[in-house]
Amino acid sequence: MSVKESIWFWPQVWHPFLRGWLGAVLVFASMGTVSAVWANPLFVRMTPVGAWEFPSLVLLAALTGTFVALPSACGLRRAAAGGTVGFVGIACPTCNKILMLIFGGEALMIWFDPMRPYLTVGGIVVLSIAVWRRWRSFHTRRINFPNEASQ
């Protein structure tokens, strides 16, 4: 392989990795800021941050980055549902106007707040299934069409 070919080949090899890394960083920064997992001037959280929320945010961002890095069309709706449910689980329950309208303040804190860790785990599980299915789809395509995957 000549130097010119190797220079043009480098972005093709690293492109999925960079796309996944960028996706993970963007999801981590945006979800963490909007849900006010850390103190920021844009959003103020009305309930204290639980010890499980930051690690859950890291896991959701890593799974989203992995999902974005894999080149396949499988599992997009499942990943979107898992990410949304995970975000609702991490976000401050009293800051969410839609939840406040549905449940009301008292019912939100009595019924919904204790369910948030389970919602987050459910979102992580659904997103993990989407990543697994996308990886399987990509891997199956590589085995069945080895010449296409290497180009």
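A: In this predicted model, the lining of the second largest pocket consists of 14 residues, and those nearest its centre are Val34, Phe43, Cys92, Cys95 and Asn96. The space within this pocket amounts to about 210 Å³. Sorted by class, the residues that line the second largest pocket comprise nine nonpolar, three polar and two charged ones.

One of the residues nearest the centre, Val34, bears the number at which helix α1 (residues 3-34) ends. Helix α1 also supplies a residue to the aromatic contacts of the model. The structure contains two aromatic pairs. In one of them, the ring centres of Phe28 and Trp38 are separated by 5.2 Å and the ring planes meet at 45°, so this pair is classed as tilted. Phe28 belongs to helix α1, whereas Trp38 sits in the loop between α1 and α2; the pair therefore ties together parts 10 residues apart in sequence. With a relative accessible area of 26%, Phe28 is partly exposed. Trp38, at 27% relative accessibility, is likewise counted as partly exposed.

Phe28 also pairs with Phe54: here the ring centres lie 5.7 Å apart and the planes stand at 80°, so the arrangement is edge-to-face. Because Phe28 is in helix α1 and Phe54 is in helix α2, this pair ties together parts that are 26 residues apart in sequence. Phe54 has a relative accessible area of 41% and is partly exposed. Through these ring pairs, Phe28, Trp38 and Phe54 are linked into a cluster.

Gly23 is located in helix α1. Its relative accessibility is 13%, so Gly23 counts as buried, the limit being under 20%. From Gly23 to Thr66 the C-alpha distance is 8.4 Å, although 43 residues separate the two in sequence. Thr64, for its part, lies in helix α2. At 19% relative accessibility, Thr64 falls under the 20% limit and therefore also counts as buried. When neighbours within four places in sequence are set aside, Thr64 is in contact with Val27 and Leu127.

As for the chain as a whole, the protein has seven helices and zero strands. The order along the sequence is accordingly written α-α-α-α-α-α-α. Of the 151 residues in the protein, 32% are buried. If contacts between residues at least 6 apart in sequence are considered, 71% of them join residues at least 24 apart.

Confidence should be kept in view when these details are read. For the protein the mean pLDDT is 83, with 83% of residues at 70 or more. Helix α2 (residues 53-69), the site of Thr64 and Phe54, has the highest confidence, with a mean of 95. The lowest confidence is found in helix α7 (residues 146-150), where the mean is 52.

Note on methods. Residues numbered from 1 in each chain as written. Predicted model: local features only at pLDDT ≥ 70, side-chain atom pairs only at ≥ 80, totals over all residues. Heavy atoms only, no water. pLDDT = per-residue confidence, 0-100. Helix = DSSP H or I, 4+ residues; strand = E, 2+ residues; numbered from the N terminus. Buried < 20%, exposed > 50% of the residue type's maximum accessible area, 1.4 Å probe, protein only. Contact = heavy atoms within 4.5 Å. 1 Å grid on protein atoms, 1.4 Å probe; cavity = no way out; pocket = protein on both sides within 12 Å on 5 of 7 lines; lining within 4 Å. Points joined across faces, edges and corners; volume = space filled by probe spheres on them. Nonpolar A, V, L, I, M, F, W, Y, C, P; charged D, E, K, R; others polar. Phe/Tyr/Trp six-rings, centres within 6.5 Å; stacked < 30°, edge-to-face > 60°.
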